[in-house]
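Have the sequence and the structure open while reading.

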Amino acid sequence: MYNLLKGKKGIIFGALDEKSIAWITAIKCHEEGAEIVLSNAPVAMRMGEINKLAERINAPVIGCDVSNAEDVENLITKTMEHFGGGFDFILHSIGMSINVRKGKHYTEIDYVHNLKTFEISSMSLHRVLACCMKHDALNEWASVVALTYIAAQRVFPDYNEMADAKSLLESVARSFGYHYGVKKHVRVNTISQSPTRTTAGSGVKGFDGFITYAENMSPLGNASAEDCANYTMTLFSDLTKMVTMQNLFHDGGFSSTGVTQGVIEQMEK
Ligand SMILES: NC(=O)c1ccc[n+]([C@@H]2O[C@H](COP(=O)([O-])OP(=O)(O)OC[C@H]3O[C@@H](n4cnc5c(N)ncnc54)[C@H](O)[C@@H]3O)[C@@H](O)[C@H]2O)c1
């Protein structure tokens, strides 16, 4: 423990179960001294798992479907009441695609579902930040992190419409990062994480082959959920104060690697 987040307060979205990146991040932030409000979609909260986490880190849970304006408004105002004022960080760890769930091919997606995907997985970052700005909810030098994937830059066919959703998410982080930076020194970044075995991750078709491929294509191997939680914490700390509007690859070197010796040897078999 470094007490990196002593005195800091924030919202963590997206802890579904103990495999969730958000779940592990919440525990780490708590260990580093942060006070946390947990949030997830009411439908996900019905599983009840989140209450175990809430108890462990002594955090309230406030339900919020991020595609619903009233829910977001309620979350931000209740969080401010709970903390007695503004707060210092937000983790956006949210992704959902009905087209992926239904197994629709990218070339045949349903556009109504596609809009929902963008609303939940991408524009929700905008909605949350806009609501925070309206209520002046974020303190000076607050830090906002959203989780993304390299399919925003390169094609991974089975990632489907989530690739477009992640491109939009990264763009919102950049654009809002500009406005919130000028207004209040609030920083907004995305972390582009290695494939990780979670509920959302395993929803991608062919995930097993895919995670092994990424492992073999990364000089350091895949970054785990715990590694991601550690990295996220550094972005919430004051040690990374001048980092904003960035898409930060956290992938063991995957994004800069053309091919590895291991992969060449497999191809030669
Ligand atoms: N697992 C991976 O391989 C991987 C890799 C890179 C990036 N990511 C990203 O990390 C983030 C977290 O995913 P995870 O892998 O921990 O999986 P996860 O399934 O544990 O988390 C996804 C969360 O999104 C929440 N969510 C869905 N719809 C919502 C809504 N309408 N309102 C509020 N919350 C909603 C779910 O309830 C869940 O808690 C996602 O953005 C995901 O795309 C995951």
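The model is a predicted one. Phi of Asn3 is near 55 degrees, which is a positive value in a residue other than glycine. Is Asn3 buried or exposed? Asn3 is exposed, because 10 other C-beta atoms lie within 10 Å, and the cut-off for exposed is 12 or fewer.

Met245 also has a positive phi without being glycine; its value is near 60 degrees. Met245 belongs to the loop that links helix H10 (225-236) to strand E7 (247-250).

## Overall build

The protein contains 11 helices and seven strands. Its C-alpha atoms fill a box of roughly 65 × 45 × 40 Å along the principal axes. For 269 residues, a compact globule would have a radius of gyration near 18 Å. The protein has 18 Å, so the value agrees with that of a compact globule.

Of the 269 residues, 44% count as buried.

## Strands E1 and E2

E1 and E2 run parallel and are joined by five bridges. Within this pair, Ile11 stands opposite Val37 of E2. Strand E2 covers residues 35-40 and is mostly covered, with five of its six residues buried.

## The largest nonpolar core

The largest nonpolar core has 67 residues. Which members touch the most others? They are Ile12, Ala15, Ala22, Ala26, Ile36, Leu38 and Val144. Helix H7 (residues 162-184) gives the most to this core, namely eight residues.

Ala22 can be followed in detail. Leaving out residues up to four places away in sequence, Ala22 touches Ile12, Phe13, Gly14, Ala15, Leu91 and Ser93. Ile12 and Ala15 are themselves among the core members with the most contacts to other members.

## Gln193, a buried polar residue

Gln193 is found in strand E6 (residues 187-193). Why does Gln193 count as buried? Gln193 has 26 other C-beta atoms within 10 Å, and the cut-off for buried is 20 or more.

Beyond its neighbours within four places in sequence, Gln193 is in contact with Ile21, Leu147, Tyr149, Ala223, Cys228, His250 and Asp251. Consider Tyr149. Gln193 and Tyr149 are 44 residues apart along the chain, yet their C-alpha atoms are separated by 5.7 Å.

Conventions. Residues numbered from 1 in each chain as written. Predicted model: local features only at pLDDT ≥ 70, side-chain atom pairs only at ≥ 80, totals over all residues. Core = buried A, V, L, I, M, F, W, Y, C linked by C-beta atoms within 7 Å. Helix = DSSP H or I, 4+ residues; strand = E, 2+ residues; numbered from the N terminus. Contact = placed C-beta atoms within 7 Å. Rg over C-alpha atoms; globule rule 2.2 N^0.38 Å. Pairing = 2+ DSSP bridges.
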